[in-house]
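Keep the 3D view open as you read.

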Amino acid sequence: MSRRTVSRTYPIDRIRTEFPILGTTMRGKPLAYLDSGATSLKPQVVVDAELHYLTRISANIHRGVYQLSEEATVRFDEARDSVRQFINAGDEGEVIFTKNATESSNIIAFGWGRKFLKTGDEIITTELEHHANLVPWQQVAAATGAKLLFVPLDPVGRVSPDAVESVVTERTRVMAVTGMSNVTGYMPPLRDIAAIARRAGAVFVVDGAQLVSHHPVDVQSLGCDFLTFSAHKMCGPTGVGALYGRRDLLEAMDPLLYGGDMIVRVGKESATFKGVPDKFESGTPNISGVIGFGAAVRYLQGIGMEAIAGHEQELLAHAVRRVGEVPGVAIYGPVTEQGVAGGVSEPGGILSFNLGDLHPHDVGAVLDGEGVAVRTGFHCAQPMMQFLGVPGTVRASFYLYNTFEEIDRLVDALNKTLEVFS
Amino acid sequence: MNIADDLYKEIILDHYRSKKNRRRLDPADYHQEGVNPSCGDDIELFIKTDGGIISEVTYDGIGCSICTASANMLCEALVGNSIEFAGKVLSRFKGMLIRAEEPDFPDSAADLEAMQGLRDYPVRIKCALLAWNTLDQILNDIQSDEKPQSLVDTERPG
């Protein structure tokens, strides 16, 4: 197989040299990393940005008056502006740094939901959700007396605007929906759902942990009220995430953490707090991680999210065709070689499947021995597994640095798995 | 070497393919369910005893080849033996996998030695231990003569 890509100008060879780990081996074989849905690989520029802070700056932000402290603050603020630009948020107060998308979800659920939801209010979500965008809402529903309602999915796990409308009532207050299923790669029609949420007067929360890493996102044209995402899934460090929120909503919310760096004045009995984003960022943050996050989004922008999404589509089409040829393979979700059947939306670069009646861990273990890294199990999405009627799946997920050859190695390793268990 | 060569040996695959002990006992004197939440593996053990002897032992559930092969080996090793024998094999099996002790199994449990290769794949050790930790709970129940209280979770060993 040649290294065909969406465009002859897609710089796959250059990109691969920018990720040092792609030159290494796993179990003695060249690494074929097909697990970017779990976490992405890190390019050298991100490592360098973190290292520069750690070895040349090191000072805390928003505190000292000396040069290094000022420089730390400038770099930190630059990173916030880079992330703001990346999702086209209106102002920097709308971008809050968190430790990951899960923390971002919890800030929304507890900071907004716990404060404003009342008994009988309704939260609409889907069975597609990662636990991070479901469990916090379950907790808030239990605490407030609000109800969780699920949009009925079609047989392959898609959400239609009509299905969303069918669960909207005058009590709908929140619609919390993933931008891209981490199991099937399916991307719900977010613009249509945003319009329904607006008409219903509901707050629209998008779990962007997969979406933001793989597709261009513009929060203003998308019309979402909140968006959560994690740096480590988009070439950045672990331990850093972001929460985008509409300014008026963030201002009305209470923080979850109180303490240093978020106060205006503190007396013995009470304190007053800063505005957004500072009131949500109490304590010393992950400064090197945030600076690395800024470098990561600038790196992705340098390549272009349209180009990356296009590359992933080519990889996915190849994977659907080749993996589909392996005897006994069952592929889950709406993906086909041509794209999503029915044209409701476009697929992200994720392929979930099982091999005969083999347990996903057994498949993953043989793949590991061949140097092929995939995710196996239920992918933090147990309701989706129940919907699919399987205990787990094997998931191959693709990113800007993957190649057709790596997918061919996946296929060879699947055939070897069949031999081992024959 | 890789796991396909190290671990998926014929002896393990034979136990994985065997359905002989994969059935529910109803009624059973002792029944316990064990789960590994992060992989979704879920094994139920059923035991009948007769005067301190395990007269029947079976399992049912969902698990990978390592998990189900280990459960099948457990059944083969323990049937017809005493509760004390079960405790001894359990202790030696965990000793081999967790504390890297040299395997030293009685003849009826000799196949368990094939699991020794798991020591090089630490994330899969919990797969092999699920049925055995579930047995551990049953043995505790037999000792205290109480009925099982809750799920066993191999990922949170006591």
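## Cysteines

A:Cys235 is buried, with a relative accessible area of 0%. This is a predicted model, and a search of the whole structure finds zero disulfides over all chains. As a reminder, a disulfide is a covalent bond between the sulfur atoms of two cysteines.

What about B:Cys127, and how far away is the nearest cysteine sulfur? That sulfur belongs to B:Cys64 and lies 3.9 Å away, while a disulfide needs the two sulfur atoms within 2.5 Å, so B:Cys127 is in no disulfide. B:Cys127 is also buried, at a relative accessible area of 1%.

## One side of a helix

Now turn to helix H5 of chain A, residues 135-144. Which of its residues are buried? They are A:Pro136, A:Trp137, A:Val140, A:Ala141 and A:Thr144. These residues lie on the same side of H5(A), because they cover an arc of only 135° around the axis. In an α-helix there are 3.6 residues a turn, so residues three or four places apart point the same way.

The buried residues of H5(A) pack against helix H4 and strands S5, S6, S7 and S8 of chain A. Just after H5(A) comes A:Gly145, with a positive phi of about 85°.

The crossing is right-handed.

Residues in the contact include A:Val363 and A:Leu367 from H13(A), and A:Leu410 and A:Leu414 from H15(A). By class, the contact has seven nonpolar, one polar and two charged residues.

Technical notes:
Residues are numbered from 1 along each chain as its sequence is written. Chains are lettered from A and ligands numbered from 1 in the order in which they are written. This is a predicted model: local features need pLDDT of at least 70, side-chain atom pairs count only at pLDDT 80 or more; totals for chains, interfaces and linings use all residues. Side-chain values use heavy atoms; hydrogens and water are left out. Buried means under 20% relative accessible area, exposed over 50%, partly exposed in between (1.4 Å probe, protein chains only). Helices (H or I, at least four residues) and strands (E, at least two) are DSSP runs, numbered from the N terminus. The arc is that of the directions from the helix axis to the C-beta atoms. Contact means heavy atoms within 4.5 Å. A crossing is left-handed if the near helix is turned anticlockwise from the far one by less than a right angle, and right-handed if clockwise. Ala, Val, Leu, Ile, Met, Phe, Trp, Tyr, Cys and Pro count as nonpolar, Asp, Glu, Lys and Arg as charged, and the others, Gly among them, as polar.
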